[in-house]
Amino acid sequence: MFVDGDFWHGNAWRVRERDCLADLFPSNTEWWVDKIEGNMARDERVTRELEQLGWRVIRVWESDVLRSVEAVAGRIAEVIDARR
């Protein structure tokens, strides 16, 4: 299970109600967008690699955990129960 931080893993622009990722960065925009898009690509690659090894990967957003730990725990329990 991964809890992805909204800022570093590319969800902050949605949480902060911006139109796109680049809107978060008034300076060094290209560098930041490249950095975060690289993190997102790595997340996808790691998920794919783990799934190919037989793991069930669960990713949740930091903001979802902060909003409702119970809801996230319920989601995790559902995934675990479905695997039994």
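This is a predicted model: local features need pLDDT of at least 70, side-chain atom pairs count only at pLDDT 80 or more; totals for chains, interfaces and linings use all residues.
Student: How do you know that the length of helix 4 agrees with its residue count?
Tutor: Helix 4 has 14 residues, 69–82. At 1.5 Å a residue they should span 20 Å. The end C-alpha atoms are 20 Å apart, so the two agree.

Student: Which residues of helix 4 are buried?
Tutor: Val 72, Ile 76 and Val 79.

Student: What makes Asp 4 and Arg 59 a salt bridge?
Tutor: The cut-off is 4 Å between nitrogen and carboxyl oxygen. Their closest N and O atoms are 2.9 Å apart, so the pair qualifies. Asp 4 lies in strand 1 and Arg 59 in strand 2, so the pair ties together parts 55 residues apart in sequence. Both residues are buried.

Student: Why is the pair Glu 49 and Arg 45 called a salt bridge?
Tutor: Their N to O distance is 3.9 Å, and the limit is 4 Å, so the pair counts. Both lie in helix 2, 4 residues apart, about one turn of the helix.

Student: Why is Arg 67 called exposed?
Tutor: Exposed means over 50% relative accessible area. Arg 67 has 61%, so it counts as exposed. Its salt-bridge partner, Asp 64, has 26% and counts as partly exposed.

Key. Residues are numbered from 1 along each chain as its sequence is written. Side-chain values use heavy atoms; hydrogens and water are left out. Helices (H or I, at least four residues) and strands (E, at least two) are DSSP runs, numbered from the N terminus. The expected span of a helix is 1.5 Å times one less than its number of residues. Buried means under 20% relative accessible area, exposed over 50%, partly exposed in between (1.4 Å probe, protein chains only). A salt bridge is a side-chain nitrogen of Lys or Arg within 4 Å of a carboxyl oxygen of Asp or Glu.
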